[in-house]
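Please read them with the structure open.

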Amino acid sequence: MASKFLLIAQREYLSRVRKKAFIVLTLAVPLLLAGFGFVIAKMASSDNDTTDVIEVRDDSGLNVASHLVSTAQLRFETTTGTLADAKKGFQKAKHDGLVYLPAGLDVEKPVGVQFFGKGNISLKKQSAVESALNKAFSDLKMQKSGLTQDQLDRLRSKVDLQAVSLDETGKEANSNALATSGMSYALALAIYMFIFIYGVQIMRGVGEEKSSRIMEVMLSSVKPFDLMMGKIVGIAAVGLTQFLLWGVLSFGVSSVVMPLLTGKDKPKTEVAAGTSAAGATAVVVADDDEPRSAGAQFDRSVDKQTAQASNPAGRFSFFNILAELPLGTILFGFIIYFLGGYLLYGALFGAVGAAVDDQTDTQQFMFPITMPLILSYIVGVSVILRNPDGPVAFWMSMFPLTSPIAMVIRLPFGVPMWQLGLSIFLLILGFLGTVWVAARIYRVGILMYGKKVTYKELGKWMFYKG
Amino acid sequence: MKPILEAIDVRKAYANHVALSGVSLEIPEGSIFGLLGPNGAGKTSLIRIITQITGADEGEIRFRGERLNPSHAAQIGYLPEERGLYKKMKVGEQLLYLAQLRGLSRSDATARIKQWLNRFDIKEWAGKNVEDLSKGMQQKVQFIATVLHDPKLIILDEPFSGFDPINANLIKDEILELRNQGATIIFSTHRMESVEEMCDNIALINRSRKVLDGPIGVIRNQFKTNTYEVEGTGHPVLSSPDFEVVEQKKRENDHFYLRVQLQDGVRPNDLLRYLIGSVGIEVEAFREKIPSINEIFIRRVGETMPETLLETANALL
């Protein structure tokens, strides 16, 4: 029996790995990712290099313009003339925007300030201008209350927040929410994608077997359970091969090609691997008071590390933070939830493939399977990532259909052992339960043709005798 | 001869109908066994139980005296009515895979595949994907897959469907050859002429029950109706109440054909004597009319088919 199971898994594996599509996809994805990363890095760096010029038309009589502080990214220039002229003027001068401060503006309640931009105004630009204006107005207000410019300058300090989390024993550990979140996000995405891509392959595979009518021949040699599990395991091996190759190739491409392309001698360590295999999860030490886009983060982190070498008195490095995460637990948990989640969902996808005649009928049965998966991902990256110890996080990381994603999001933040143990226990129970259900549906479904299957029907199949 | 397979009081029910009830059969080793019955009678259910695709609700199947178990799969070959192969797999690899699943070693399987592909003269197709083959060619591949592991019991469900007459003949010869080499063949079909030609034993299943079984000669004799066929010249008039003319045909040049049923206790010699004694009658041929399997089939199925079945049949369709 065991050898038949292996034969089946082997066939599933080889028949897929030898396909041209597999080879093309395996080679293309790292190149695409590298290309994508390169473009983002380029854009991000050019984004940082250029300075946006914003014209200011100040009719308020409050002299707000003089309080607008230009930075490396944003330069303010006052302009005169009518508003209509200014509107045309800034575009002609190829400047990036125009701030209009109308007459009779109240310092206490500055309403009616307008910002004109070319085309759509990016959120980033808008918030930068907004914060510059906010500062200007607060300066004005403080001046109004009698502070001198010198006092103002001394008042404004640049705070660099250093987050330190205490573990249960009270030991201090450097914590960086962004690094931890990045890792959580990457792990969840990997599991989510793996289950989806290869789960659907299981479903298709079963559907093909069914429509080619080979089931009867197969079933006279092997048990339906072996057939189903052989397929699931074989396809898992395909997925692992693909992910592994993606990882290795991405690492190779990133470490060899990327420095050539960007012309910088970037440290070719985890950072490079991190962008590609894990799917754009560069992690940064944020020390600016400005929010940055994900793309910019990557470039920054690299710059930061290069800077680190020459500046040993620097703050936490990426590697320090990485080293302080519970890596052993994360790896252990990731493997458990990755495999457990895949097997659990894989069995369900297999059952759906067996239940329907026609691939187009799969939708109605796909929904209850994909819903918890999509839900756990969406809730995971929105709610759990923000509050990894909250009740939503707890319950979702216990329920076997959502725990594979919910729990790996929590892992880098640290999870109490009893919760991890309970969750894994429930996952195993859930796995056994779904495989039992799926095997029953599968067993009846694969020989059932020409019947429009309903949920009620599926329910009955569970209690059919051998 | 010792039976290779015994079914003892087998019962199988699905959610809303009974597929088999109390079916018992004995299939003698080394014979060709015809499993007959109208559509939906339960043949496929019985075959699926023998091939262990499903299990019986009650009763037992014995293979060479042992209770049927998965280890017997290696000794059973099955050609289902719904043919199917992995379309995107190469012929050679496909056969190797199926043979290995039946418990053949890789090297044994490879050698036998070569042998069979040569025998069917399709060895140049070994590297082709199944979907690139013609339908008849696929059928041949499937037949090879059925017998590749040298099974002792071969179950063929409508083996000739999908074959042109030439290839059907080829398959027929292969089946007889396999039997001569000692294999037992269960043969499920509607094509009565092939049953008559090839089968040693038959069983007739109708409405989930076995209605008839035994050696084909014995059954045909059982269904004899004491009817005789006569050919000759002249104008026969049978006025005796002992004889009932079932059919009478006139042919050219004064030839006639008569089919006569004799009353109980009347012997064929009585009919012959009567005819010879008639004026102007010349008897050229005289033989007993033995019913064909087709006639028996229709008669038995008709007898066991009440009107309600027609309604059920309509409902199922």
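1. In this predicted model, the C-alpha centres of domain 1 and domain 2 of chain A lie 53 Å apart. The domain assignment draws domain 1 of chain A from three stretches, 2-33, 175-255 and 321-461. Domain 2 of chain A is given as 51-153.

2. The secondary structure of chain A amounts to 17 helices and six strands. Of the 466 residues in chain A, 38% are buried. Taking the contacts in chain A between residues at least 6 apart in sequence, 70% join residues at least 24 apart.

3. What does UniProt list as "transmembrane region" in chain A? The unreviewed entry gives residues 21-41, 183-202, 243-261, 325-345, 365-385, 392-411 and 417-442 of chain A. These spans come from the record, and such annotations may be inferred rather than shown by experiment.

4. Two of the listed spans can be set against the model. Residues 417-442 of chain A are 100% helix and 0% strand, with end C-alpha atoms 36 Å apart. Residues 392-411 of chain A are 65% helix and 0% strand, and here the end C-alpha atoms are 15 Å apart. A reader checking the annotation may wish to view both spans in the model.

5. Chain B contains an open sheet of six strands with mixed pairing, in the order β6-β7-β8-β3-β9-β10. Why is one side of β6 and of β10 in chain B left without a neighbour in the sheet? Strands β6 (76-79) and β10 (209-215) of chain B stand at the edges and each has a single partner strand, so one side of each has no neighbour there. From one strand to the next, the twist averages 15 degrees.

6. Within this sheet, strand β3 (residues 32-36) and strand β8 (residues 184-188) of chain B run parallel and are joined by four bridges. Leu35(B) stands opposite Ser188(B), which belongs to β8(B).

7. Helix α4 (residues 135-147) of chain B lies across β6 and β7 (153-157) of chain B.

8. How many residues does each chain bring to the contact? Chain B supplies 23 residues and chain A supplies 16 residues. On the side of chain B that touches chain A, the largest share is four residues, from helix α2 (residues 91-101) of chain B. The residues on that side of chain B comprise 12 nonpolar, six polar and five charged.

Notes
Residues are numbered from 1 along each chain as its sequence is written. Chains are lettered from A and ligands numbered from 1 in the order in which they are written. This is a predicted model: local features need pLDDT of at least 70, side-chain atom pairs count only at pLDDT 80 or more; totals for chains, interfaces and linings use all residues. Two strands pair if DSSP finds at least two bridges between them. Helices (H or I, at least four residues) and strands (E, at least two) are DSSP runs, numbered from the N terminus. Axes are lines fitted to C-alpha atoms, for helices over the stretch in contact, and angles run from 0 to 180 degrees between N-to-C directions. Two residues are in contact if their C-beta atoms, placed from the backbone, lie within 7 Å. Ala, Val, Leu, Ile, Met, Phe, Trp, Tyr, Cys and Pro count as nonpolar, Asp, Glu, Lys and Arg as charged, and the others, Gly among them, as polar. A residue is buried if 20 or more other C-beta atoms lie within 10 Å of its own, exposed if 12 or fewer, and partly exposed in between; C-beta atoms are placed from the backbone. Domain bounds come from an automatic or database domain assignment.
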